[in-house]
Amino acid sequence: MKLTTFTDYTLRVLMYLALNQDRLATIQGIAEAYGISESHLMKVVQHLAKTGVIEALRGKGGGIRLALPASEIRIGRVVREAEGDGPIVECFSANDTCRITPNCKLAGALRRAFDALYTTLDEYTLADLTQQPAALVQILKIVRS
């Protein structure tokens, strides 16, 4: 399985915000820190604000920050919401036209694998991912107050 770029960026934004909790962050600042596109991050930030994981403050002096403590943000939930609830393979969809579905064992194996992935991710919080921040703060050039 490969996570989408959207999910990857979602996790990066959250880690940046967890490392930089003492001030508001900007999309521009996050994009520069990671060397990624601001336009991609705009979509990620809109999604995170809509799901209530971050707060976006508009206007002069505005920016974004976590809406919840990092210890309450479960990585499994974040990945599920970012990836969406679309089927991972055709046989999981309502429009399944695969000829072998009635006798195929692959669907069961894939379902177990994805369940195991999300069960593992549910064990971790954003705080767990940023527990030892010094190296990440240095790499991302985050200036701490």
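Residues are numbered from 1 along each chain as its sequence is written. Because the model is predicted, local features need pLDDT of at least 70 and side-chain atom pairs count only at pLDDT 80 or more, whereas totals for chains, interfaces and linings use all residues.

A pocket is an open set of points, on a 1 Å grid over the protein atoms alone, where a 1.4 Å probe fits, with protein on both sides within 12 Å along at least five of seven lines; lining residues have an atom within 4 Å of a point. The lining comprises 14 residues, of which G84, G86, I88, F114 and Y118 are the closest to the pocket centre. Two or more lining residues come from each of α4 (75-83) and α5 (106-122), with the largest share, five residues, supplied by α5. Helices (H or I, at least four residues) and strands (E, at least two) are DSSP runs, numbered from the N terminus. By class, this lining contains six nonpolar, three polar and five charged residues (nonpolar: Ala, Val, Leu, Ile, Met, Phe, Trp, Tyr, Cys and Pro; charged: Asp, Glu, Lys and Arg; polar: the others, Gly among them).

At least two of its lining residues are contributed by each of α3 (38-50), β1 (54-57) and β2 (63-66), and α3 gives the most, with four. Among the lining residues are M42, V45, Q46, A49 and R58. Eight nonpolar, three polar and one charged residue make up the lining of the second largest pocket.

Note on methods:
Heavy atoms only, no water.
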